Amino acid sequence: MKRYRSLFPVLKKFTFLNHAATAPVSLRVSKAVEDLCKSFTEYGGLHYSRWMNRVKEVRELAARLINSKPGEIAFTGNTSEGLSIVASGINWQPGDVVLVSYPDFPANIYPWLNLKRLGVKVIYIKRKENGVFKVDDIEKLITNRVRLISVSSVDFSTGFLCDLASLGKLCKEEGILLCVDAIQSLGVIPMDVKEWGIDFLAAGAHKWLQSIPGTGLLYVSEKIVERLAHSKVGWKTVEDEEDFSIHFVPKQNSEKFEPGTMNIAGIYALGAALELVFDIGIENIRNRIFSLNDLLFRELTKRNLTVVSPMEAGSRSGILSFSASGNNERLYRYLVENNIIVSLRSERIRVSPHFYNTEEDLGNLLFVIDKYTSGTELQ
Ligand SMILES: Cc1ncc(COP(=O)(O)O)c(C=O)c1O
């Protein structure tokens, strides 16, 4: 894994342990975008069909990442857009209920609250302090008015990984749609929309996938796509989109959610980022991150710092959040001043290493924490 470090110049300046926020991109990603921009400058739009071939390839890569078909993937700008496409495409009836994990990142809450104007009620699936909720807890909330359940695969604050296989099974038994905000798991946790019975999955690509901000994916199962209305419409919505005579025959697959000219640079970046993920192997990435987090857990526990993140198989993810006694915000600022890049979330320190991080990187973090707790730097 270490050999990949040279692809990430950010590591020369910082101990970067913050991939659950906005992650650095690799030199492969920046080269893909630079080459494309060069072609924009020299050829304008003359390479359009070349771009579209690459879009097709990247769609195939994205589909492979979650075990879907390429036609079930739409490119979006971010997670919020994907979730909004789902929320605005369902033929809601007054009194319908959506169950949503809570607390959660607002991207997975506001699109559902926005349905209040249609008479749709949002009921929260409440997490415990460590982010956990069980499928049994959800079962108790089910009534015949529940139409959709939307959860984050991984909680942005605690790192709790939802048991999507059991939740998908429950949803199928009850005839409820399952929607997943997967931004905190794509690129770390192997995902399988078919095996788990997921109907919709949305994610941005600027975290664990390490692509440039402003590109995302939306998966809509082919079983449901016909019933999900396309709320944004443009020239690309239709079959034979390059025939500009008016023929409003919308596409039958998830490409109908892409209304116009695409974010080609973002898609090229995503293609290079996905190729890197497949070169390394998603299981290898996960295992490496888990072993780094195991080490960090042991060291923090030795220091009597409280790790809030679940660490058991099936509930853990790439995120490890902990609390120091006293003021976490002050510790956070101290870490950043010392070039240790982590986040402060829910008043805790959130660490999110990636596959190329090393034991030495964790050593740097622990060294600065020790300096802080010994108090010598705070006089
Ligand atoms: C769970 C979750 N969803 C969504 C987002 C981001 O949403 P978007 O891709 O719309 O910017 C984040 C983090 O920024 C997040 O942690």
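Author: Begin with contact, which means heavy atoms within 4.5 Å. The model here is predicted. Take Thr237 as a case: leaving aside its neighbours within four places in sequence, Thr237 is in contact with His230, Lys232, Pro250, Lys251, Lys256, Glu258 and Pro259.

Reader: Where does Thr237 lie, and is Thr237 buried or exposed?

Author: Buried means under 20% relative accessible area. Thr237 has a relative accessibility of 0%, so Thr237 counts as buried. Its place is the loop between β8 (216-220) and α9 (264-280). The side chain of Thr237 also reaches the backbone nitrogen of Gly234, at 2.8 Å.

Reader: What of Pro310, and which residues is Pro310 in contact with?

Author: Pro310 is found in the loop between β9 (306-307) and β10 (320-323). With a relative accessible area of 5%, Pro310 is buried. Apart from neighbours within four places in sequence, Pro310 is in contact with Asn130, Val132, Thr158, Phe160, Ser315 and Arg316. For a distance between C-alpha atoms, take Pro310 and Asn18: they are 292 residues apart along the chain and separated by 18 Å.

Reader: How should I read a helix with a buried side? Which residues of α7 are buried?

Author: The general idea is that an α-helix has 3.6 residues a turn, so residues three or four places apart point the same way. In α7 (residues 164-174), the buried residues are Leu164, Leu167, Gly168, Leu170 and Cys171. They are on the same side of α7 because they cover an arc of only 160° around the axis. Lys169 and Glu173, on the other side of α7, are exposed.

Reader: What do the buried residues of α7 pack against?

Author: They pack against α6 (135-141), β5 (146-152), β6 (177-181) and α8 (193-196). Leu170 is one of the buried residues of α7, with a relative accessible area of 4%. Not counting residues up to four places away in sequence, Leu170 touches Val135, Ile138, Glu139 and Ile142. After α7 comes Gly175, whose phi is positive, near 70°.

Reader: Which side chain makes a polar contact with the side chain of Arg54?

Author: A polar contact is a pair of N or O atoms within 3.5 Å. The partner of Arg54 is the side chain of Glu275, at 3.1 Å. Arg54 lies in helix α3 (residues 48-66), and at 15% relative accessibility Arg54 counts as buried. Beyond four places in sequence, Arg54 is in contact with Tyr268, Gly271, Ala272 and Glu275.

Reader: Now the ligand. Which residues are around the ligand?

Author: The residues around the ligand are Asn78, Thr79, Ser80, Phe105, Ala107, Ser152, Phe156, Asp181, Ile183, Gln184, His206 and Lys207. By class, this shell has 4 nonpolar, 6 polar and 2 charged residues.

Reader: Which polar side-chain atom lies 2.6 Å from a nitrogen atom of the ligand, and how much of the ligand does the protein cover?

Author: That atom belongs to Asp181. On the oxygen side, an N or O atom in the side chain of Thr79 is 2.6 Å from an oxygen atom of the ligand. For the side chain of Lys207, the distance from an N or O atom to an oxygen atom of the ligand is 2.8 Å. The ligand on its own has 400 Å² of accessible area, and the protein covers 86% of this.

Notes: Residues numbered from 1 in each chain as written. Predicted model: local features only at pLDDT ≥ 70, side-chain atom pairs only at ≥ 80, totals over all residues. Heavy atoms only, no water. Near = heavy atom within 4 Å. Polar contact = N/O pair within 3.5 Å; in protein donor to acceptor, adjacent residues only side chain to side chain. Areas by Shrake-Rupley, 256 points an atom, 1.4 Å probe, with all protein chains shown as cover. Nonpolar A, V, L, I, M, F, W, Y, C, P; charged D, E, K, R; others polar. Buried < 20%, exposed > 50% of the residue type's maximum accessible area, 1.4 Å probe, protein only. Helix = DSSP H or I, 4+ residues; strand = E, 2+ residues; numbered from the N terminus. Arc of directions from axis to C-beta.
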